[in-house]
Amino acid sequence: MRDGKLEVGDALPSITAISKQFSCARETVVKAYSILKKQGILVSQPGKGFFLASDTPSLLPKVLLMLNNLTPYMEVLYNSFMQSLKGKASVDVFFHHHNIEVFKNIVDSSIGKYHSYIIKPFENEEIDKIFEAFDDSELLILDKRDGINAKRSYIAQDFIEDFYSCLCETSERFKKYNTVYLVFPKLLSHPMYCISAFEKFVNKYSVRSKCIGGIEKNKVEKGGCYIVLNDHELVDLLRICREKKFHIGKDIGIVSYNDTPMKEFIGEGITVYTADFAMMGREAAKFAVENIAIRKDVYARVVLRSSI
């Protein structure tokens with residue numbers, strides 16, 4: 001590099017070629033290339049080899065973190081992730097917004113440039129194919145199960161069973177309401193598992209229920225319990241309750257999906273079905289630096305507050 005024989009972007013000899021040229025074990029070359037890669041000097045491209053990325057070593061491994069968007073609960077995960085790293089890595093953050101073209105473009109422009117890739121995918125038939133571009137040892141699938149295979153690391157939820165279990169756990173609280181509503185907007189990014197789990201719960205407990213596409217002021221009445229899956233609908237519902245002077249937890253019930261710090265303090269507290277996003281951030285930070293395989297199932301829990 002420094003004598004001018006290699007320039008940034010040039011291909012490096014293969015592991016086999018280096019091993020033969022210097023009569024050393026392949027494992028030694030693999031380890032050396034791995035160190036150079038973590039320092040940002042080399043990048044690897046699956047099926048193509050290693051390339052010179054820089055002639056200035058970095059003391060910190062580079063990490064790609066790709067999320068759907070910075071929702072309040074993803075912010076909890078992000079903050080936990082960054083705090084747990086404590087300056088041990090350089091992190092680039094991207095958002096795909098559930099757009100497959102954006103997702104593909106981020107992946108295509110990032111392959112081989114990072115020590116580890118921590119990605120929250122979404123439901124799309126192209127995800128599996130896109131993930132084939134990664135070295136499985138460098139990839140961590142976060143939160144969603146899309147793209148998981150036997151070799152890939154993950155920290156993910158089993159959404160349908162979790163949602164159903166949480167509904168069952170709050171079944172006694174629902175009895176004081178005339179109707180339980182699942183608010184499921186058409187443009188919501190949640191998959192249909194929510195409706196399947198809700199229908200399974202309703203059939204088991206013979207609950208009077210209805211799935212609705214949004215919150216409408218003239219249709220929010222006393223005696224209903226509303227399960228809202230995003231914070232936009234929650235804000236709309238809270239605003240209507242204030243305008244109609246409804247007492248939350250008595251006149252109507254509210255259950256929100258995914259906890260955030262503010263939900264403990266809204267009104268007298270909003271009941272939530274939630275995963276431990278802070279824990280997910282801490283575990284992801286370990287993988288980011290160490291690349292030690294992890295296969296962790298995350299289970300949602302009910303946090304009961306005064307809203308039901």
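This note describes a group of neighbouring strands in a predicted model.

1. Basis of the values. In this predicted model, local features need pLDDT of at least 70 and side-chain atom pairs count only at pLDDT 80 or more, while totals for chains, interfaces and linings use all residues. Residues are numbered from 1 along each chain as its sequence is written, and side-chain values use heavy atoms, with hydrogens and water left out.

2. Strand β11. Strand β11 covers residues 253-257; helices (H or I, at least four residues) and strands (E, at least two) are DSSP runs, numbered from the N terminus. Because 5 of the 5 residues of β11 are buried, this strand is largely enclosed by the rest of the structure. Buried means under 20% relative accessible area, exposed over 50%, and partly exposed in between (1.4 Å probe, protein chains only). In a regular strand the side chains alternate between the two faces of the sheet. On one side of β11 lie Gly253, Val255 and Tyr257, and on the other Ile254 and Ser256.

3. From β10 to β11. Strand β10 (residues 224-228) pairs with β11 in the parallel sense over 4 bridges; two strands pair if DSSP finds at least two bridges between them. Ile227 stands opposite Val255 in β11. The chain passes from β10 through helix α9 (residues 231-244) to β11 in a right-handed β-α-β crossover: with the strands pointing away from the viewer, the path from the first strand over the helix to the second runs clockwise.

4. Strand β12. Strand β12 (residues 271-274) has both faces covered, with Thr271 and Tyr273 buried on one side and Val272 and Thr274 buried on the other. Strands β11 and β12 run parallel and are joined by 3 bridges; Tyr273 is the bridge partner of Tyr257.

5. Strand β14. Strand β14 (residues 301-303) runs antiparallel to β12, and 3 bridges join them. Here Val272 stands opposite Val303.
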